Amino acid sequence: QVQVVESGGGLVQTGGSLRLSCAASGRSIESYFIGWFRQAPGKERERVASINWSGTSPFYTDSVKGRFTISRDSAKNTVSLEMNSLKPEDTAVYYCAARKVTRSQYEYWGQGTQVTVSS
């Protein structure tokens, strides 16, 4: 069993920055991928970024490449999403999720944190 808890959302103006944090805990956490997803009203949930616990091979969806950075702090068991040059279209509820490296689906989800970018 793995638990993930997000923090760090809020309201920011266009061009601003926010940092989201995902605190992960549980057995064999090093065997899990951690992903950040988002869902805007009326849209499907999409994977924004993900990373393995060793910190290699990060993934970014095209719309955030060059603006968002995912990283993990193994000492604190956290995975952060640094979001820069934010746009109104980045407005969504952001979720942290975890999946075992041997599985294709993310199994453990946080409750989400709202990010709102005003124009």
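Biologist: What should I know about the source and the numbering?

Modeller: This is a predicted model, in which local features need pLDDT of at least 70 and side-chain atom pairs count only at pLDDT 80 or more, while totals for chains, interfaces and linings use all residues. Residues are numbered from 1 along each chain as its sequence is written, and side-chain values use heavy atoms, with hydrogens and water left out.

Biologist: How many helices and strands does the chain have?

Modeller: The chain has zero helices and 11 strands; helices (H or I, at least four residues) and strands (E, at least two) are DSSP runs, numbered from the N terminus.

Biologist: What does the C-alpha trace span along its principal axes?

Modeller: The trace spans about 40 × 30 × 25 Å.

Biologist: And what share of the residues is buried?

Modeller: Buried residues make up 43% of the 119 residues. Buried means under 20% relative accessible area, exposed over 50%, and partly exposed in between, using a 1.4 Å probe and protein chains only.

Biologist: Which residues have the most contacts inside the largest nonpolar core?

Modeller: They are Trp36, Leu81, Met83 and Tyr94, in a core of 31 residues. The elements giving two or more residues to this core include strand S1 (2-7), strand S4 (32-39), strand S8 (78-83) and strand S9 (92-100). Another core, of five residues, lies apart from it, with Phe33, Phe37, Tyr95 and Tyr106 among them. A nonpolar core here is a set of buried Ala, Val, Leu, Ile, Met, Phe, Trp, Tyr and Cys residues joined through side-chain atoms within 4.5 Å.

Biologist: Turning to valine 93, where is it placed?

Modeller: Valine 93 is in strand S9, and it counts as partly exposed because its relative accessibility is 22%.

Biologist: What is valine 93 in contact with, leaving aside neighbours within four places in sequence?

Modeller: Valine 93 is in contact with Phe37, Arg38, Gln39, Gly112, Thr113 and Gln114, where contact means heavy atoms within 4.5 Å.

Biologist: A change of topic: what is the phi of serine 28?

Modeller: Serine 28 has a positive phi of about 55 degrees although it is not a glycine. Serine 28 is found in the loop between S3 and S4 and is partly exposed, with a relative accessible area of 38%.

Biologist: And where is asparagine 77 found?

Modeller: Asparagine 77 is in the loop between S7 and S8. Its phi is near 55 degrees, a positive value in a residue other than glycine.
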